[in-house]
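Please keep the structure open while reading.

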Amino acid sequence: MDDAASDTTKGSLRKFLENLSGAGKAIGVLTSGGDAQGMNAAVRAVVRMGIYVGAKVYFICEGYQGMVDGGTNIVEANWESVSSILQVGGTIIGSARCNDFRSREGRLKAACNLVRLGITNLCVIGGDGSLTGANIFRKEWSGLLEELAKNGQIDADAVQRHSHLNVVGMVGSIDNDFCGTDMTIGTDSALHRIIEVVDAIMTTAQSHQRTFVLEVMGRHCGYLALVSALACGADWVFLPESPPEEHWEEHLCVKLSENRARKKRLNIIIVAEGAIDMKNKPITSEEVKQLVVRQLGYDTRVTILGHVQRGGTPSAFDRILASRMGVAAVIALLEATPETPACVVSLSGNHAVRLPLMECVQMTQDVQKAMDEGRFKDAVRLRGRSFEGNLNTYKRLAIKLPDDQIPKSNCNVAVINVGAPAAGMNAAVRAAVRVGIADGHRMLAIYDGFDGFAKGQIKEIGWTDVGGWTGQGGSILGTKRVLPGKYLEAIATQMRTHNIHALLIIGGFEAYLGLLELSAAREKHEEFCVPMVMVPATVSNNVPGSDFSIGADTALNTITDTCDRIKQSASGTKRRVFIIETMGGYCGYLANMGGLAAGADAAYIFEEPFDIRDLQSNVEHLTEKMKTTIQRGLVLRNESCSENYTTDFIYQLYSEEGKGVFDCRKNVLGHMQQGGAPSPFDRNFGTKISARAMEWITSKLKEFKGKRFVTDDSVCVLGISKRNVLFQPIAELKKETDFEHRIPKEQWWLKLRPLMKILAKYKTSYDVSDAGQMEHVYYRGTHEEPAAI
């Protein structure tokens, strides 16, 4: 598996090294501006990928200040320098705001320090200020060198040899305030901190019937406030980009008292620190509290989260994002020519892209300009379609129109959970129910999967029935793995009895199979000739038609947290290797991505067959590793990766072969991967994708007033594919499915497999053909929907 000895691997490895050799190159990596969780993962990826391709890599400590001061601030990094930092928040190489670098004299000193070490490639991890600074430096570079040569600080030969500076940026900022990238490094972890606090506050607020005003970070950008409001179902949110209408004070009080009248025992109001009104006047959390106390007399408390949001361990999402971006940054530096503009490596949907740095900075500044000039609609639009989508979804789910103002569709739409429980299912049900009611449908909840469907466990579900569901794990509706095949007659009867016009199925592979069975039964039972759509929700992430499933992110965080604890226990005992078994059926997503997020030495998966030679090679690799300062190992194994190489077998083999060098422990994570409160990603993803599914159902029902639906495009799976949200007819997905092993025939994350191996010091082939083209910020797919979460 990890042995580079196979012929195919050798061929592609040679091709990779011929195209991208870092020999003779020096890369400097620095973190600048405010810190963000995940920066260390990015630093680790840059250092290891740089060393892997033969370049020298230098830490530039304390940001630009260290570059200006030079000396011990610029040190060569080795493989072990970045060991054990993946799970650490902040940045180990330090960050500082630097005034010296703003002056030409400061930049002259910095250039002198870099040239003396031959560093002509810079990887800058920071916000828009840090990246703008890097671009100015790049433009002035040749002029600075000439000046240094004139002053006799460097020789003319050095000016020739190091004539141009390549700059690649990665955006590390918890605010997610940088245009051109869907998620900046640190944003997801900051959301984790906020949601942990909100969940804790909700229990105390409920006990005392309190109102809580929470202030979150975001001086110029309301992303954290908006997404946390969406993820916890807040009553009201104040954002800099979208100030409340005139007389908002009145509307807020009416909304809070209506919610109390609906028997809601608590209110949550989220305020971004940069919140303003239409006249650009700040709205403070204290002001909101005073208003609520004065007008309504509610017991109200303010909690300001502050720097808690920057701290703590990075989430699995941020570690994977930072690792992917770090590797992409090194590739971009190796491919750069003197003509290449400074670029940013970023995320578009689920796809890594390169964008011109200054286009991104310009667009980010345009947002601020629009806000300053009171053009708030433009500000929201410039933030990107994902921000706009989040805002519209929040408004639809938070504000219920009076019943007499909602035009009735006279349609009944049913929602069902199928398969194993997954965190985030309840958020998806809540979103579907509320969007359905807002669209004028009567919403029905089916309890206990297809089994309950056949038995008629169906009830109408209202707006307030789903209040507070977003943070609940498991499945409140109840779910079973039973398929509809045996009960088609009974289910058709229930569809007729309850006059069901459309069906939304939320679940995993069983839901997919169930949808196929219902679709096939249309000829026999006309009751199934209605629009049916499935939203993927399973920890295994094995549903064809979608890159992500609701619940997989929560499971990944559970695996990563557990691996962190296990690695920590090994740091005391030394010379210990842990073998950890993850869930996923035949799908290796959790093992592979968990391995990438936790810094594993190997991950055994079904999709990449392995034999005894691969196991032997891994043992040898770990034996070598024990001779270094990193005396511990972590190996992940997907539960069904091999019939004969079981977890016990691998554990016994490692124990025997590692005698005298290391000892072994094994751990089966089991059902803890299905439990727990959903992560912010799963709450948000579940909410948005389910709301989108409901909009599709509404448009179908409007399109075919009272007609029967018989075409393939009326039975779909809704999912994310690369950069877009797509509805794909299930009939078309059949040919992309490996039914025996319950996985899609092609899986996007297998392309990231070499990344884990490279970062664990294995020689492997890595296809970088996707990485090449520079795109433009203004280009966003014309007809597709963006898949940003």
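## Salt bridges within helices

Glu-196 has a relative accessible area of 45%, so this residue is partly exposed. The model is predicted. Glu-196 makes a salt bridge with Arg-193, and their closest N and O atoms are 3.5 Å apart. Arg-193 counts as buried, because its relative accessibility is 11% and the cut-off for buried is under 20%. Both residues belong to helix 7 (residues 187-208), where they sit three residues apart, about one turn of the helix.

Helix 6 (residues 156-161) holds another pair, Arg-161 and Asp-157, four residues apart, again about one turn of the helix. The closest N and O atoms of this salt bridge are 2.6 Å apart. Arg-161 counts as exposed at 54% relative accessibility, while Asp-157 counts as partly exposed at 45%.

## Other salt bridges

The whole structure contains 38 salt bridges. One of them links Glu-656 to Lys-659, with 3.3 Å between the closest N and O atoms. Here Glu-656 is partly exposed at 48% relative accessibility, and Lys-659 is exposed at 59%.

## Nonpolar cores

The largest nonpolar core has 155 residues, and the members that touch the most others are Met-170, Ile-270, Leu-504 and Tyr-589. Helix 11 (residues 316-335) contributes the most to this core, with 14 residues.

Which residues does Met-170 touch, not counting those up to four places away in sequence? Among them are Ala-42, Val-46, Cys-123, Ile-185, Met-325 and Val-345. A second, separate core has 50 residues, including Ala-110, Leu-148, Val-353 and Leu-355.

Four strands form an open sheet in the order 18-19-17-20, and their pairing is parallel. From one strand to the next, the twist averages 20°. Strand 18 is joined to strand 19 (residues 632-638) by three bridges. Ala-602 has Val-635 in strand 19 as its bridge partner.

Two helices lie across strands of this sheet. Helix 19 (residues 552-573) lies across strand 17 (576-582), strand 19 and strand 20, and runs at about 165° to strand 17. Helix 20 (residues 589-598) lies across strand 17, strand 18 and strand 19, at about 160° to strand 19.

How values were computed
Residues numbered from 1 in each chain as written. Predicted model: local features only at pLDDT ≥ 70, side-chain atom pairs only at ≥ 80, totals over all residues. Heavy atoms only, no water. Core = buried A, V, L, I, M, F, W, Y, C linked by side-chain atoms within 4.5 Å. Buried < 20%, exposed > 50% of the residue type's maximum accessible area, 1.4 Å probe, protein only. Contact = heavy atoms within 4.5 Å. Pairing = 2+ DSSP bridges. Axes fitted to C-alpha atoms, helices over the stretch in contact; angles between N-to-C directions. Salt bridge = Lys/Arg side-chain N within 4 Å of Asp/Glu carboxyl O.
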